[in-house]
Every structure is written in C-alpha cells, then in structure tokens.
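Morning, everyone. I have one structure to walk through today. Please have a look at it before I start.

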Amino acid sequence: GETGISGRGYRTVDLPLLMALGVGAGIGATLIAVLYIIDEAYVQTFYGNRIALWGLPPLVFLFIARIWLKCQRNEMTMHPLDFTLRDPVGLTLAGIGGVLFLLAWVGHPWL
C-alpha cells in the first residue's frame, strides 16, 4: 500500500516502466555480446578458440533475467550487486562464464 520506496528515487507505481527498461537493457547487453563475438572476437588473435565465446551471451541473458525475476517476485531485498555476490546461481553462472572465457583464450582442440 505504500507509494514510496525508502532509499530509492522512484515509487512503486514506476515498477512496470523500470521492469521494461531493465529487461530491454538486458536484451541489449546480450545483443552487444553477440555483436562483439561476430565483429571483434573473430578477427582477434587473442582467442585460441572463439567458439567457446558463444556460451557467454546466454549466460548474460540468464543472469539478467534472473535478477529481474527476483525483482518481480519481491525477492530482491538487497542491492543487486550484494545479491549477486551472495546468490549461488549467480555465482555459478559467473563461474561458468569464466571457464568459457578461459577455454576460448587457451583454445582447447575439442571446442
């Protein structure tokens, strides 16, 4: 029933707009990751195997979708960065992303 949110510069009625902006920004971040892989990563000699990079955009999307789902369910009780550092699923996604990046950098032959 409250309209204000303590410590924030927005109100509860702003939730639909914030949700749309956040999800749109998440999709934009995923698209930028895909464009980076297509336009930049394939011309770089830094990566030993660029195919492993294709696992990163889905991880970015899953992470951002999880954050917004938690917000929608009112399960985000702390700052998103604090939540991320304490969330086992978020840490797992980050770990998988790190492994994929290392595989792309090192360039294992099976990828």
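Contact here means heavy atoms within 4.5 Å. With that in hand, take the contacts in the protein with a separation of 6 or more: residues 24 or more positions apart account for 58% of them. One caution at the outset. This is a predicted model.

Now the overall layout. The protein has 4 helices and 0 strands. Read from the N terminus, the order of elements is α-α-α-α. There are 111 residues, and 23% of them count as buried.

Let me go to the helix packing. Two packed helices are described by the angle between their axes and the distance between the axes. I have two pairs to show.

Pair one is α1 with α2. Helix α1 covers residues 15-39, and its axis lies 9 Å from that of α2, at an angle of about 170°. Over 145 degrees counts as roughly antiparallel. So α1 is roughly antiparallel to α2. Who makes the contact? On the α1 side, the list includes L15, L18, M19, G22, V23 and G26. Further along α1 come I27, A29, T30, A33, V34 and I37. On the α2 side we have P57, V60, F61, I64, W68 and Q72. By class, the residues of this α1 with α2 contact divide into 14 nonpolar, 4 polar and no charged.

Stay with Q72 for a moment. Q72 sits in helix α2. With a relative accessible area of 45%, Q72 is partly exposed. Beyond its neighbours within four places in sequence, Q72 is in contact with L15 and M19. Q72 and P16 are 56 residues apart in sequence, yet 9.5 Å apart in space.

Pair two is α2 with α4. Here α2 is residues 56-72 and α4 is residues 88-106. Their axes come within 10 Å and cross at roughly 165°. That makes α2 roughly antiparallel to α4. The crossing of α2 past α4 is left-handed. From α2, the contact uses L56, L59, L62, F63 and R66. From α4, it uses V89, G90, L93, I96, G97 and L100.

Next, charge pairs. How many salt bridges does a search of the whole structure find? The search finds 2.

Take R66 with D87. Their closest N and O atoms are 2.8 Å apart. R66 is in helix α2, while D87 is in the loop between α3 (80-86) and α4, so this pair ties together parts that are 21 residues apart in sequence. And burial? R66 is partly exposed, at 22% relative accessibility. Buried means under 20%. D87 has a relative accessible area of 6%, so D87 is buried.

The other pair is K70 with E75. Their salt bridge has an N to O distance of 2.9 Å. K70 counts as buried, at 17% relative accessibility. E75 is partly exposed, at 35%.

A few single residues now. N74 is in the loop between α2 and α3. Its phi is near 60°, a positive value in a residue other than glycine. N74 is exposed, with a relative accessible area of 66%.

Then T84. T84 belongs to helix α3. At 17% relative accessibility, T84 counts as buried. Which residues does T84 touch, not counting those up to four places away in sequence? The answer is F63, I67 and L91.

Last one, F46. F46 is found in the loop between α1 and α2. F46 is partly exposed, with a relative accessible area of 41%. Leaving aside neighbours within four places in sequence, F46 is in contact with F101 and W105. F46 and V106 are 60 residues apart along the chain, and their C-alpha atoms are separated by 9.1 Å.

To recap: α1 is roughly antiparallel to α2, and α2 is roughly antiparallel to α4. The search of the whole structure gave 2 salt bridges. Over to you.

Conventions. Residues numbered from 1 in each chain as written. Predicted model: local features only at pLDDT ≥ 70, side-chain atom pairs only at ≥ 80, totals over all residues. Heavy atoms only, no water. Axes fitted to C-alpha atoms, helices over the stretch in contact; angles between N-to-C directions. Parallel < 35°, antiparallel > 145°, perpendicular 65-115°, else oblique. Left-handed = near helix turned anticlockwise from the far one by under 90°. Salt bridge = Lys/Arg side-chain N within 4 Å of Asp/Glu carboxyl O. Buried < 20%, exposed > 50% of the residue type's maximum accessible area, 1.4 Å probe, protein only. Nonpolar A, V, L, I, M, F, W, Y, C, P; charged D, E, K, R; others polar.
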